[in-house]
Amino acid sequence: MRFLWREAHDIGLLADDRGACQAPDVTVLLGDKDRFAAEVGEWGHVLRRVDLCAAGQWLTCDDNMAFVGQFRCDVVDTVAWLRSGACSPLPFDGLSPEATHRRLMHRAGADDETEKEYRFRSQFRVLNWGPTTDNVTAHLFRDANRLVLTLQFRREEHLHRHPDHAGKVFVAEAPAEEFVGILEELAAVLDGNQDPGRP
């Protein structure tokens, strides 16, 4: 698949998820929406549609137009973090991923949250990729060769529109290589296509 991406980039095309080459304005889907997926679509000047899904949920439902330069840098930084082995296992013995997420968020943003508590919680935070993903609080944990992602929608407007999401923590699991591979391919798609409206 990576060879196809590089070949496609060299001739100004993209490879879709079946390996067929298509024009740069088509939608590209990477991954499985029930685990983790990224879908890249049309341009809007310097912005491009990027939809993220995990655990069957559409994460970028509030703002799916990403500023490509910043978004790609954030994705690449996440890949480097994961490749470095910095992602840690679940930190509390006997707690499920959902319960761990809740415990990490228990004092998040409280006036008396200590710097130590903030730093501890922050080491698990992911998807801090700007306005496109700031409607979701997400944590990532390593479980041997798998990654466990926990997600919670946080905006009041979203929770009013989706009352069943209030207080809900969604959990997705994927092989580590699959997750990292999706991010690498996402970065390649964003890197390989310049805004067609720009010279």
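Me: In this predicted model, which residue forms a salt bridge with R146, and how far apart in sequence are the two?
Reply: R146 pairs up with E173, with the closest N and O atoms 3.5 Å apart.

Me: Are R146 and E173 buried, partly exposed or exposed?
Reply: The cut-offs are under 20% for buried and over 50% for exposed. R146 has a relative accessible area of 30%, so it falls in between. E173 comes out at 36%, so its class is also partly exposed.

Me: What partner does D134 have in a salt bridge, and what is the N to O distance?
Reply: The side chain of D134 meets that of R155. The N to O distance is 2.3 Å.

Me: Is D134 buried, partly exposed or exposed?
Reply: Its relative accessible area is 31%. Buried would need under 20% and exposed over 50%, so D134 is partly exposed.

Me: What about R121: which residue does it form a salt bridge with, and are the two buried or exposed?
Reply: Side chains of opposite charge can pair when their charged atoms come close. Here R121 bridges to E113, with 2.8 Å between the closest N and O atoms. R121 and E113 are both buried.

Me: How many salt bridges are there, and which residues are linked in a network of them?
Reply: The count comes to 18. The network is made up of K33, E39, E42, R49 and D51.

Me: Why is strand β5 largely enclosed by the rest of the structure?
Reply: β5 covers residues 47-54. It is largely enclosed because, of its eight residues, the number that are buried is seven.

Me: Which strands does β5 pair with, and in what sense?
Reply: With β4 (residues 36-44), β5 pairs in the antiparallel sense over seven bridges. Three bridges join β5 to β7 (residues 65-67), again antiparallel.

Me: Which residues of β5 are the partners of F36, M65 and W58?
Reply: F36 has A54 as its bridge partner in β5. M65 in β7 stands opposite R49. W58 in β6 faces C53.

Me: Which residues have a positive phi in the hairpins that β5 makes with β4 and β6?
Reply: Most residues other than glycine have a negative phi. The hairpin of β4 and β5 has two residues between the strands, and there phi is near 65° for H45. The hairpin of β5 and β6 also has two residues between its strands, and the one in the turn with a positive phi of about 50° is A55.

Me: L127 and A144 have a positive phi as well, so are they buried or exposed?
Reply: L127, with phi of about 60°, is in the loop between β8 (125-126) and β9 (136-143). Its relative accessible area is 5%, so L127 is buried. A144, with phi near 60°, lies in the loop between β9 and β10 (146-153). Its relative accessible area is 63%, so A144 is exposed.

Me: Which side chain makes a polar contact with the side chain of H139?
Reply: H139 lies in strand β9 and is buried, at 0% relative accessibility. Leaving aside neighbours within four places in sequence, its contacts include L104, M105, R121, F124 and V148. The polar contact, at 2.9 Å, is with the side chain of H101.

Me: How far is A86 from R142 in space?
Reply: A86 lies in the loop between α2 (68-83) and α3 (97-105), and at 35% relative accessibility it counts as partly exposed. A86 and R142 are 56 residues apart in sequence, yet C-alpha to C-alpha the distance is 9.2 Å.

Me: What share of the protein chain's accessible surface belongs to carbon and sulfur atoms?
Reply: The chain has six helices and eleven strands, and 43% of its 199 residues count as buried. Its accessible surface comes to about 10,200 Å², and the carbon and sulfur share is 52%.

Note on methods. Residues numbered from 1 in each chain as written. Predicted model: local features only at pLDDT ≥ 70, side-chain atom pairs only at ≥ 80, totals over all residues. Heavy atoms only, no water. Buried < 20%, exposed > 50% of the residue type's maximum accessible area, 1.4 Å probe, protein only. Helix = DSSP H or I, 4+ residues; strand = E, 2+ residues; numbered from the N terminus. Pairing = 2+ DSSP bridges. Areas by Shrake-Rupley, 256 points an atom, 1.4 Å probe, with all protein chains shown as cover. Polar contact = N/O pair within 3.5 Å; in protein donor to acceptor, adjacent residues only side chain to side chain. Contact = heavy atoms within 4.5 Å. Salt bridge = Lys/Arg side-chain N within 4 Å of Asp/Glu carboxyl O.
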